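Here are my notes on the model, point by point. Please read them with the structure open.

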Amino acid sequence: MGVNTNLKQISPAASQALLKSTSSAPKATASQRLALMREFDIDEKKLSQITQPVLLIAGKNDRLLPSEAEAQRLSSIFPNSQLITLPHSGHACLVEKDVNLYQILLSANFI
């Protein structure tokens, strides 16, 4: 599978859906999307003006993208942000069976 994520943490149904979605995209499409992400220029000054609460969630074991580093960078930009790093999660952390987004939001006093 092209996405190197801990599939043991994802339910069989979610694992099949992830496999299907990643394998159905042509290689050229995936390359184009990665190029767009590399070329994307964020206006940090505009982002720093967002005063709404922002909750950043990153999987420490994301082997597809540098999610933890990017979340840390964004937390330094947003003035009212919280960062939660899931120590045993990968790229698809929000579909992992041991990750409960509702509980994360509650624990962060985000809802």
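1. The protein chain has five helices and two strands. Along the sequence they run α-α-α-β-α-β-α. Keep in mind that this is a predicted model.

2. On overall dimensions, the C-alpha atoms fill a box of roughly 40 × 35 × 20 Å along the principal axes. The protein chain has 111 residues, and 26% of them count as buried. Its accessible surface comes to about 7,700 Å². Carbon and sulfur atoms hold 55% of that surface.

3. Which residues of helix H4 are buried? Helix H4 spans residues 67–77, and its buried residues are Glu68, Ala71, Leu74 and Ile77. Their cover includes helix H3 (44–47). Strand E1 (54–59) and strand E2 (81–86) are also among the elements that cover them.

4. Tyr102, Leu106, Phe110 and Ile111 make it, and its area is about 380 Å². One of these residues, Leu106, sits in helix H5, residues 101–107. Is Leu106 buried or partly exposed? Leu106 counts as partly exposed because its relative accessibility is 33%, and that class lies between under 20% for buried and over 50% for exposed.

5. Last, the charges. The protein chain carries 11 positive and 9 negative charges.

Note on methods:
Residues numbered from 1 in each chain as written. Predicted model: local features only at pLDDT ≥ 70, side-chain atom pairs only at ≥ 80, totals over all residues. Heavy atoms only, no water. Buried < 20%, exposed > 50% of the residue type's maximum accessible area, 1.4 Å probe, protein only. Helix = DSSP H or I, 4+ residues; strand = E, 2+ residues; numbered from the N terminus. Contact = heavy atoms within 4.5 Å. Patch = residues over 30% accessible without salt bridge, like charges linked within 9 Å, V, L, I, M, F, W, Y side chains within 5 Å. Areas by Shrake-Rupley, 256 points an atom, 1.4 Å probe, with all protein chains shown as cover. Salt bridge = Lys/Arg side-chain N within 4 Å of Asp/Glu carboxyl O. Lys, Arg positive; Asp, Glu negative; His and termini not counted. Charge placed at Lys NZ, Arg CZ, Asp CG, Glu CD.
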